[in-house]
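Please keep the structure open while I talk.

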Amino acid sequence: MDNGNRLRTRVAIACQGGGSHTAFTAGVLQGLLESLPEDVDVVALSGTSGGAICAALAWDGLVRGDRKLAIRKLQGFWESMAATDPLDRMANEALMSIMGMRDLMVMPEVSPYHLPTWGEDRFRAMLNEYFDFRELRELARRPGAPILQIGAVEVLSGDFELFTGEELCVECLLASAAIPELFRAVAVPDRGVFWDGLFSQNPPIHNLIRHRIDELWLIQINLSTCPRIPTETHEILDRRNALSGNLSMEQELGFIEELNTAISEGRFKDPEFHPIRVTRIVLDRELGYRSKSDRRPDLLNDLKQYGQTKCRIFLKQRDSRMKHQESRVAAD
């Protein structure tokens with residue numbers, strides 16, 4: 001379908017998980033939804049853990065044809081997540097203190113099965129407040145509706161699982177965000193018992209090629225590089241977390257790179273597949289692993305604003321690239 005002199009571009013957005021750091025993802029998505037290029041159709045979103053929730057909130061608006069609704073929901077959800085009331089602030093500060101002490105000494109591990117489920121219950125209630133799951137499942141079945149893919153790992157089998165918009169329920173999102181040290185495993189009816197998607201595909205990527213995408217926009221939370229050798233305990237833990245969080249992501253991107261190479265060299269010929277341009281929008285700040293559990297309002301708001309800034313930079317660079325390509329085609 002033509003849009004002036006420019007063809008429509010099919011885009012998938014993949015959102016890496018990372019706890020509170022995915023407030024950055026919310027900011028990026030808000031910026032994209034507000035200023036989506038005219039040539040772009042977002043045909044699929046995927047995500048893991050906090051990235052899954054952000055992806056689902058954005059998808060909620062897209063599947064309804066209401067991007068402003070998605071922007072409002074992303075804003076409202078992270079405002080609800082912030083530790084604002086006195087008791088919640090105290091709980092957040094206590095958690096940060098405990099995590100800080102773990103860097104200095106051995107702390108006893110406490111199973112989430114030995115603790116009350118207050119946090120899980122509140123999280124479930126919040127998700128039910130922001131999503132009408134039954135209606136969304138119906139909307140997802142409409143022809144041409146954008147695709148949603150949520151990653152999680154089945155605890156007993158170790159299988160990597162994808163939940164789609166057509167089966168989306170509160171347990172799917174809880175499963176993708178169920179960090180084993182903090183939450184009990186989540187039972188999804190007829191599917192199994194699940195832990196955080198950080199142990200599977202973070203985020204799901206290679207399945208997105210089935211939707212004939214031209215571009216993949218990856219919102220990356222964990223830094224790929226490290227400026228110096230980690231020597232302190234907390235630095236080692238931070239780097240280990242980043243590397244483990246990126247392991248599956250880099251493997252998934254490697255698959256797309258191999259496919260692109262095979263197509264360009266003529267070794268893979270299938271009219272259904274063509275080279276995919278991958279662009280990363282990266283949270284390029286050294287925040288530390290502990291802050292992924294920090295829900296201070298100022299931190300979350302700062303991350304959202306930074307995500308919006310990185311989105312504007314990305315869109316400006318993309319627009320310049322598209323105009324350059326058009327001028328080259330016109331010259332030829």
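This is a predicted model: local features need pLDDT of at least 70, side-chain atom pairs count only at pLDDT 80 or more; totals for chains, interfaces and linings use all residues.

Let me begin with a term: a residue counts as buried when its relative accessible area is under 20%, and as partly exposed between that value and 50%.

Cys172 is in no disulfide either, the nearest cysteine sulfur being that of Cys169 at 3.4 Å.

Turning to the chain as a whole, we have nine helices and ten strands, and the C-alpha atoms fill a box of roughly 65 × 50 × 40 Å along the principal axes. The radius of gyration is 20 Å, in agreement with the value near 20 Å that a compact globule of 332 residues would have. Buried residues make up 48% of the chain, and of the contacts with a separation of 6 or more, 77% are between residues 24 or more positions apart.

Now to the charged pairs. Side chains of opposite charge can pair when their charged atoms come close. The structure holds 17 salt bridges, and one of them joins Arg64 and Glu135, with an N to O distance of 3.2 Å. Arg64 sits in the loop between α2 and α3 while Glu135 belongs to helix α6, so this pair ties together parts that are 71 residues apart in sequence. Arg64 is partly exposed at 28%, and Glu135 is likewise partly exposed, at 32%.

A further bridge, at 3.0 Å, is formed by Glu250 and Arg280; it links helix α8 with strand β10, the two residues being 30 apart. Asp39, Glu215, Arg318 and Arg321, for their part, are linked in a network of salt bridges.

Finally, the surface: Trp195, Leu198 and Phe199 form a nonpolar patch with about 260 Å² of accessible area together. Phe199 is found in the loop between β8 and β9, and its relative accessible area of 45% makes it partly exposed.

Terms used. Residues are numbered from 1 along each chain as its sequence is written. Side-chain values use heavy atoms; hydrogens and water are left out. Patches are made of residues with over 30% relative accessible area and no salt bridge: like charges are joined within 9 Å, nonpolar side chains (Val, Leu, Ile, Met, Phe, Trp, Tyr) within 5 Å. Accessible areas come from the Shrake-Rupley method with a 1.4 Å probe; for residues, only the protein chains shown count as cover. A salt bridge is a side-chain nitrogen of Lys or Arg within 4 Å of a carboxyl oxygen of Asp or Glu. Helices (H or I, at least four residues) and strands (E, at least two) are DSSP runs, numbered from the N terminus. Buried means under 20% relative accessible area, exposed over 50%, partly exposed in between (1.4 Å probe, protein chains only). A disulfide is a pair of cysteine sulfur atoms within 2.5 Å. The radius of gyration is taken over C-alpha atoms; the globule rule is 2.2 Å times the number of residues to the power 0.38. Contact means heavy atoms within 4.5 Å.
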